[in-house]
Amino acid sequence: MPAATGFGVFDYDMEHLLEGVALLFSFVLLYQRRLSAVINTYTAQALTVAASCFWQSHVQHSGDLFATGVVTLLAKGIGFPWALNRIAKQTHAAGSVEMSFGVYPSLALGVFLACLALLVVMRIPAGAALTRETLAMSLSVLLLGLAMMVTRGSALTQTIGFLSVENGLALAAVGMPGMPIVVELSVAFLVMIAFIVFGIFFFRIRAQFDSLELHHLDRITESPE
Amino acid sequence: MIQLAGLLAWLLHAGLVALAAPALTGFTRKLRANLQGRRGPPLLQTWRDLIRLWRKETVLADNASPVSEVAPLVIFAASATAALLVPSFALGLSTAATSDLLLITGLFALCRAATALAAMDAGTWFGGIGISRESLLSFFAEPALLLVFFTLALVAGSTNLDHIADVLRTGALGLRVSLGLGLAAAISVGLTTLGRLPIGNPSTHLELAMLHESMTLEFSGRSLALIEAGAQLRFFTWLALLATIFIPFGIAPAGDILDWPRGLLTFGAKMLLLTCALCFFEACVARMRIFRVPELLGIALMLALLAVLFLFVSQGYT
Amino acid sequence: MLLVLLAILAALVGIGVAEAALPQLGRLLRTTAALICAAGLVAVALDLVLALPAETLQLPFGPPGVGLTLALDGLSGFFLLVVFISSGAALFAARDEPLAGAPLIPVFVAGMVITLLAGDGFTLFLGFETMSAASWLLILSHGLPLAAAKAGRLYMTMAIAGALTLLGAMAVGFGVGGDFAAWRAAPPTGLRAAAFLFLVLAGAGSKAGLPPLHGWLPIAHPAAPAPVSAMMSGAMTKVALYVIVRLLFDLAGPNPPLWWGVPLLIMGSLGALLGAARANFETDIKAVLASSTIENIGVIAVALGLALTARAAHLPLLASLALGAALLHVLGHGINKTLMFLVAGAVDHQAGSRRLDRLGGLIHFMPVTAVCAIAGAASLAALPPMVGFASIWMVFQSLLTAPRLGSFVLQMLIPIVALLLAGGGALALSAMLRLIGVTFLGRPRAVRTAGAHETRLPISLLFVGLAAASAVFGLLPGLALRLASPALQILTGTDLSGRAGWFGVGTQATGGAYYGALPIAAILAAIVAAVWLLLRRHPALSRRARAWDCGYAAPPPFLPFGDTTTQYGAASLSEPLGRTLGVPLFDWQMATSIPEPGETRPARFGVVWYDPVLRFLHAPVLRARDWLADRAELIQRLTIRRTLAMMVAALVALLVIVAILEQS
Amino acid sequence: MNLGPMLSLAWFVALVPLLTACVLGFIRHPGTASLVNQAAAVLAFVLALLLPFSTDPGGLWLAPDDLGIHFAILTSFIGVSAALMSGPYIRIELETGRMTPTRARAYHALFQAFLGFLLLGLLADNAGLTWIAIEAATLSCVLVVGLAGTPRAVEASWRFFIVCGVGIALALFGTIVLYLAASAAVGTGFAAMSWRAITAAAPRCNGLVLNLAFVFLLLGYGTKAALAPLHAWMPGAHAEGPTPVSAVLSGSLLNVAICVILRTRHILASNPMAISPNDALIALGLASVLLGGISLWRRADAKRFFAFSTMEQSGLAVFGFGIGATGAALLHLTLHTLAKAALYQCLGHAAQRKGGQSFTEIKGLIASDRTLGLSLAASIIAVAALPPFGMIVSLFLILSFTAAHTPWLAVPLLIGIGAGAVALIHRLQTLCLGPPTPSKFPPVAALTLLPALVLLGLTILLGFAMPPPVAAWFARIATELTP
């Protein structure tokens, strides 16, 4: 069981800090205009999640969390950014991200979603304090990831939004005391598979529409069957 | 005893009808001619015509089917049955139980149907004129007639003609507003179904004026005799109907043989009175345009409806 | 008795399946089906005459939790009679017709029989849907692809809407499950009863052809093959009326509110007027007959409305008279409409067309069919010696005695209903005269019509049989009313035994109006025989010559049938009616095309009119559906990002709702 | 990790298809691949049939309840029919060159993977394992849909992946919150993950947390069940890609998601503090019925048309569960799955014969290919809930229940169902009747249509003459579902 809850307890503060940083990176993701910046921000967020895994494994003294931390670090910290950069270069994706929703409105949307997450989770009575804050933070990261997917126009940015959602889930899973390892492993494993599928898709979309912009796909959706 | 008397009365009635119907039409023609300053044909002329036609050779159209031979029979039979059902000088005829107003309308409809089928059989366009106009007028006439019967049924309790005549004869009803309106409606409907002057012209063969004659243009000899007799019977029945219902005084009650002579006399007087009224009316009226007739019948319809509604108001029907 | 009917049901479905498997045995199977219907007819007639007690039977199989129960009593027995007569005749006539959907005809009959024998809500719904689906497939398997498809779609749309409304009615009225016995114990009351009434009238009424939902009937019934049209108009509309009677009279409890009869009265009288008027303007034989079905259903509905009002006012004598009138008219119309549709099928087969302005003079080529058609039309037009007149007479008698029911509104309504009914009757007579005159009399309007010849012996015998049945019930209405007495006993407590004897039918046991069917027919026959004997005793000369035609010249030699175009055709016969009645009701216009000087094409006289129901009821519904479909299409066309936005919005909305709910 | 607990019957049911999937990855010859595929499907079905009779079929993380077993049998039976169909179907696809041998191999492997993960999802007792199984099933289905390679297929698979990805993410978050709620009552570790334990401990859990979990689980698995606002992925997924998987089997993906929603509803309903879950189900169900019924009128593509019909009918089933007609809704879901599988089989063959799946390309089937035309017409009549097929029974029960208890809800429901049925009728007429369009292949042999006809026969049997033990089984599940 984690140490006594409440502010001022070092273990708890550190976890809370890491989750705060991850949330910050989610906001930064919404802010970025250039594709490379988006990828770097995602990498930073992934590293923060890995740090949170390591810290939780130290706090909860469970070897599984340490293994998850290593997997997250390798897969999401290093593997994905490398692959994303390679795909971005190969598909000559345009430098800037197509801003269909504008920066400030998306940030405003992000704030609204974060507030909603806090409002919804905070009414839970103060059981395990750590879990309540973690839940709030991870829900915010999740919702911001969704906002990212909705507001950005390229298949690549939509994927990064999806991966950011996965980060939120990983934060939530890691934060839950005693949640069996199977979920974390599976999260990492399935994100891996998802990423491979993304890759296949990128090349196939690239082959069909010679660009990753979604408006080609939209044209098909809007054309009568 | 009443059955025997009823049967005797019925036979007497049948004889009366057979003799009086052609005579009545002859008298009408004679009277109308005199009113127009002409001498007009002798009273028995209609009898002579019937006998002459009976002996003449019947000419049928080349593509006429058996319908042309059967239709005159049906027309005559239906008209005769209707005539036999209407009590003339006495009540309690043996057919009194089934002498029903709706049945008489049905028999008239049967006549109309047989005439229409016969008209279309020859395949000439004259028949068509009559049928198309007839279907127009019947749509307006029959509802009015039914509402008149509605009034009578509410006053007398049933549509049995015998029963109605009996109630009206004895009932101290005096001159009722709804019965008066009903009489007006009944007269206009009668004129339409018989094709008398304001609606059709019985004596001419002008296409525009013809209503019934155009339908029987192709008939000759015996068929024409039967159709003419049918027409005369229907004319007689209508007048007898009006006489029995709206001038109920003097009819001999059921089974009272001694009262028959008085009944016969009053019935003869009533028929003459009605015929003269008709002739005077026809003398001073010109034929209406065919599409104006629905308006006349529309008024008759409204009168009949008012008759019924007044009945509810005046009697406070519970 | 119920087991016999169950065996008949199984046999019918078996024959349907057998015919689907072995089409070459079609003729034999349809004959056996006809014989089975005849056997059913005899069995049911026996059951009615012996007035056997009602039976119910719970089938071993059936849907879970609901179960299939069958019930037979006087009411369903009488309607079974009509269905078996109509179906037996139609199946017999369909023996040698090359029908693609033939295996479905016995299934169609089975559907109707299931509906009549239904003992609980589900079986009624199942039968209702089976008969609709079978007849829909039969429409599709016949006729020109485009016309059949359009008629089929309209028919099935109304059938599904009707079935679902009926389902809603039964559920609102009686809840879920339970058979009719349980329902009878707990009739609906108050607001639910009113909703129940209108839903039943909408659901079963649209199937029967009661306005304002009758627009589909003159389009769908003619599209089916002739025997199926005969069964649809002759039997299926009666089954729909049976559903109305069973739900409103029997299951809705003994004392419904007084105003329950009023909608039926209004819809019935409007139906009588609109149906009869429309029958005068249709140019296709089967469409004329379908419109006349609407008129007759209207008359029956008026009689049912009167019976319902009388029952509410606790006047059993008047209720039984009105209901007797309705049932007699159901039987009469069932027989005659089946006969007329089969005649229309024979005419279509022999003369090659159903359009009135391509027929004419068929009495010379098909004398027996023509005579039977005249008998059938006479009954549909309610002329005295026929059964149609007996039932119309009873309807008017019950209308005339109805004002004693008291309430002022009713007293005002009854004369207007009588007015419309009489108008409808007159128009029906004109329509039937037009139908018979243009089809059978006069001279052939097309050369193909002259090629027609009499139908084969069995079919002619069938026609004669049906006409004879109609005549028998016409002369002896008491016989039909005796068959109806078990039904009258169930629904109104008294039957017409005192008032409907062998010779005729009257309104009261003694005194009151009396229609002596037999004596009147005897007098008519006597007079005709007398005159006929007179004619034969000294035969006068008789010869054939060219029609006098008021002295017009003889038609040129190259016209074999004379100048047929001068004959009054279908459109010209109804032209005066069109000008006066057609304009307000059907927006009737004449469309004449006169050739320019020098043009060789002939002048054309045509008429254009529209059914008000299709314009003001069906069209707006279709427009609303298209509008909704376009709105729904917007959601389909959303791009991926907008779809995600919609999902996120759904999530946010749900979270907010949950938050609000938790506060309270 | 010894394999003892893994040797239970339930694991076998799930593992047989999964192992076959790996084996199929290496079988080159398409003929043997389809035979192995069919054999595996039959084996899985037989094993699933044994489930209800075995005393403790569970094992590590697997303790299937009656609902899971029922749908496992149903899904594996549909799997058998799909496998039997894919034999001739793939052969023709190879002939037309639309599918290369390597893709055929991938198809068979993914088919078994999809089936295996579906069964795993149904039988799993561990909430996390259920989530993983459904996610894996979605991924394998996405890959199959993407196989076609046409622009429309790519768009469909991309939309399928993104929408389902988001759905599955929400579902995971819901599972985590559910674990949080359960761990307070049951204690951390595997106990807090098992559906049985959570259901048992539901009254003691914290109501607010359960509400949050329900919101995310409903939306997450609602996307999988294609309920109204979350249905965007389903029409494209059903229409593109080879029919046996994308249409016939993916119907069962909806059923699995509905199972999970029902388990969540059971948990919520037994906790007095939590809000009542039924209103949400009623709202989503009604929205699906109305949207499905109405957008049927604007479809030009046959498969998308019937995808919307699936959405409408499963929406009606969810609505039925919502208002409390549990038995009828369960029967409706089962009968509809059977009927729709039969319909898609016939439609798949028809689309292949006519070389296209739009309504303009498939016309007059009865004239050009009698047996196929008649069986397609029969299956459309079955789906439209007309006699003699069984769906009329369940439709009648649900609509009567609604009209009797909440009449004002019955009005939009009847309109939606009516509009849907009429659209089906209209399309039956254009697809099966009238002059035929040219077809590229000889008429279908009656044998290949046998699975479809068996499915239709089953709907009649289950509708009207359900054997007593099966009726008892349905009743037991119904009582188990209502709290």
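This is a predicted model: local features need pLDDT of at least 70, side-chain atom pairs count only at pLDDT 80 or more; totals for chains, interfaces and linings use all residues.

User: Thanks. Which chains share the most contacts?
Analyst: Chains B and C do, out of four pairs of chains in contact. Chain C contributes 70 residues to that contact and chain B contributes 68 residues.

User: Which element of chain C gives the most residues to that side?
Analyst: That is α17(C), with 14 residues. Helix α17 covers 408-440 of chain C. Other elements that give two or more residues to the side touching chain B include α16 (387-401), α21 (517-537) and β5 of chain C.

User: And how many residues on that side of chain C are nonpolar, polar or charged?
Analyst: There are 43 nonpolar, 20 polar and seven charged residues on the side of chain C that touches chain B.

User: You mentioned β5 of chain C. Which strand does it pair with, and is the pairing parallel or antiparallel?
Analyst: Strand β5 (residues 542-545) of chain C pairs with β1(B), in the parallel sense and over four bridges. Two of the positions can be named. B:V59 has C:R543 as its bridge partner in β5(C), and B:L60 stands opposite C:R544.

User: Are the residues of β1 in chain B buried or exposed?
Analyst: The four residues of strand β1 (residues 58-61) of chain B are all buried, and both faces of the strand are covered. B:T58 and B:L60 lie on one side, while B:V59 and B:A61 lie on the other.

User: Let us change topic. What is chain A built from?
Analyst: Chain A has eight helices and zero strands, so its pattern along the sequence reads α-α-α-α-α-α-α-α. It has 225 residues, of which 49% count as buried. Among the contacts in chain A between residues at least 6 apart in sequence, 71% join residues at least 24 apart.

User: How far is chain A from chain B?
Analyst: No contact joins chain A and chain B, and their closest C-alpha atoms lie 55 Å apart. Chain B and chain D do not touch either, with 40 Å between their nearest C-alpha atoms.

User: What about chains A and D, where do their α6 helices come together?
Analyst: The axes of helix α6 (residues 155-175) of chain A and helix α6 (residues 151-186) of chain D come within 10 Å and cross at roughly 10°. Angles under 35 degrees count as roughly parallel, and therefore α6(A) and α6(D) are roughly parallel to each other. Residues making the contact include A:F162, A:V165 and A:L169 of α6(A), and D:I162, D:L172 and D:F173 of α6(D). The contact residues divide into 10 nonpolar, two polar and no charged.

User: Back to chain C. How many domains does it have?
Analyst: Chain C is divided into domain 1 (1-253), domain 2 (256-537) and domain 3 (612-663). The C-alpha centres of domain 2 and domain 3 of chain C are 51 Å apart.

User: What does C:L5 touch?
Analyst: Leaving out residues up to four places away in sequence, C:L5 touches C:G40, C:L72, C:V113 and C:L117. C:L5 and C:L41 are 36 residues apart in sequence, and their C-alpha atoms are 10.0 Å apart in space.

Note on methods
Residues are numbered from 1 along each chain as its sequence is written. Chains are lettered from A and ligands numbered from 1 in the order in which they are written. Axes are lines fitted to C-alpha atoms, for helices over the stretch in contact, and angles run from 0 to 180 degrees between N-to-C directions. Angles under 35 degrees count as roughly parallel, over 145 as roughly antiparallel, 65 to 115 as roughly perpendicular and the rest as oblique. Two residues are in contact if their C-beta atoms, placed from the backbone, lie within 7 Å. Ala, Val, Leu, Ile, Met, Phe, Trp, Tyr, Cys and Pro count as nonpolar, Asp, Glu, Lys and Arg as charged, and the others, Gly among them, as polar. Domain bounds come from an automatic or database domain assignment. A residue is buried if 20 or more other C-beta atoms lie within 10 Å of its own, exposed if 12 or fewer, and partly exposed in between; C-beta atoms are placed from the backbone. Two strands pair if DSSP finds at least two bridges between them.
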